[in-house]
Amino acid sequence: MAVLEVKNIEKHFESTKVLRDVSFQMDEGSALAIIGSSGSGKTTLLRCLNFLEVPDKGSIIVRGETLFDADRPLKEQEKDLRRKRLHFGMVFQSFNLFPQYTALENVTLSEKLLAKERPDFKQNKKVILEEIEEHGKVLLEQMGLAERMGHYPHQLSGGQQQRVAIARALALQPDILCFDEPTSALDPELTGEVLKVIRGLADQHTTMIIVTHEMSFARDVADHIIFMDEGVIVEQGEARQVIDHPSQERTRQFLTKY
């Protein structure tokens, strides 16, 4: 069974059609890269998957469960929106860390808030919070930030902040980890350290969707690639095939820029 099925997604902003009949699926443990020019709909697609935007048409299915179906009343589907978002971890371009919290606090905040809803929280508060703290430390160690857990965002480099953001997204153990151009705000040296982390996650078979302008990285790390243009999937397929031997002329034109 596919971990994610996206069927006929469309999104309009007034008269502008940003996404048009977008459909794809991906398997457990695979990495999907989405490439295309700015304004092609890549970020809007991620925002629809994470329900930061509501599609106007289509459906989103995770592990056989329909999380969204445009044919059903929207109010009925919005009731359980937060739980649905937990299926997707989101890493943004601009980190979006809370400046008043340390790296560890940023990573553990969401997990602590969710823990308060557990029926056994009051009885086992100390143990539960200790487990969450330990989980956060393990994730930051995995990101190479063992010595930076008590640092605030302004005390960290851009690459370190983005690695904290990745750890935060992983903390809630999402089915699919989404990256929206995770290196676009970084200089080349810091870009390398973030890409190294994402490459490591791919080696661990973390299910990921990566919107990126790093073509060589997409070719070498992703299992499959989708090329989008003007809100439409122009071409999709095995990563090296799409990058090295694109079948569509529009894909070839785009790749010549890189």
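Residues are numbered from 1 along each chain as its sequence is written, and side-chain values use heavy atoms, with hydrogens and water left out. Because the model is predicted, local features need pLDDT of at least 70 and side-chain atom pairs count only at pLDDT 80 or more, while totals for chains, interfaces and linings use all residues.

**Strands and sheet**

Helices (H or I, at least four residues) and strands (E, at least two) are DSSP runs, numbered from the N terminus. Two strands pair if DSSP finds at least two bridges between them.

| Strand pair | Bridges | Direction | Facing residues |
|---|---|---|---|
| S1 (residues 4-13) and S2 (residues 16-26) | seven | antiparallel | histidine 12 and lysine 17 |
| S1 and S4 (residues 57-62) | five | antiparallel | lysine 7 and serine 59 |
| S7 (residues 176-180) and S8 | four | parallel | phenylalanine 179 and isoleucine 210 |

S1 and S2 form a hairpin with two residues between them. In the turn, glutamate 14 has a positive phi of about 55°.

An open sheet is built from six strands in the order S6-S7-S8-S3-S9-S10, with mixed pairing. Strand S6 (88-91) and strand S10 (232-238) stand at the edges; each has a single partner strand, so one side of each is left without a neighbour in the sheet. From one strand to the next, the twist averages 15°. Helix H6 (residues 158-171) packs on this sheet and touches S6 and S7. The direction of H6 makes about 170° with that of S6. For such angles, axes are lines fitted to C-alpha atoms, for helices over the stretch in contact, and the angles run from 0 to 180 degrees between N-to-C directions.

**Cavity**

A cavity is a set of points on a 1 Å grid over the protein atoms alone where a 1.4 Å probe fits but cannot get out; lining residues have an atom within 4 Å of a point. Grid points are joined across faces, edges and corners, and the volume is the space filled by probe spheres set on the points. The structure holds one cavity of 30 Å³ or more. About 60 Å³ of space lies in the largest cavity. Its lining includes Phe51, Val54, Pro55, Leu67, Phe68 and Lys84. Strand S5 (65-69), helix H2 (74-78) and helix H3 (81-85) are the elements that give two or more residues to this lining. H2 gives the largest share, three residues.

**Cysteines**

How many disulfides does a search of the whole structure find? The search finds zero, where a disulfide is a pair of cysteine sulfur atoms within 2.5 Å. The closest cysteine sulfur to that of cysteine 48 is in cysteine 178, and the 12 Å between them is too far for a bond. Cysteine 48 is buried, at 1% relative accessibility, and cysteine 178 is buried too, at 0%. Buried means under 20% relative accessible area, exposed over 50%, and partly exposed in between (1.4 Å probe, protein chains only).

**A loop residue**

Threonine 206 sits in the loop between helix H7 (188-203) and strand S8 (208-211). Is threonine 206 buried or exposed? Threonine 206 counts as buried because its relative accessible area is 17%. Leaving aside residues up to four places away in sequence, threonine 206 touches Gly29, Ser30, Leu177 and Leu201, where contact means heavy atoms within 4.5 Å.

How values were computed. On a 1 Å grid over the protein atoms alone, a cavity is a set of points where a 1.4 Å probe fits but cannot get out, and a pocket is an open set with protein on both sides within 12 Å along at least five of seven lines; lining residues have an atom within 4 Å of a point.
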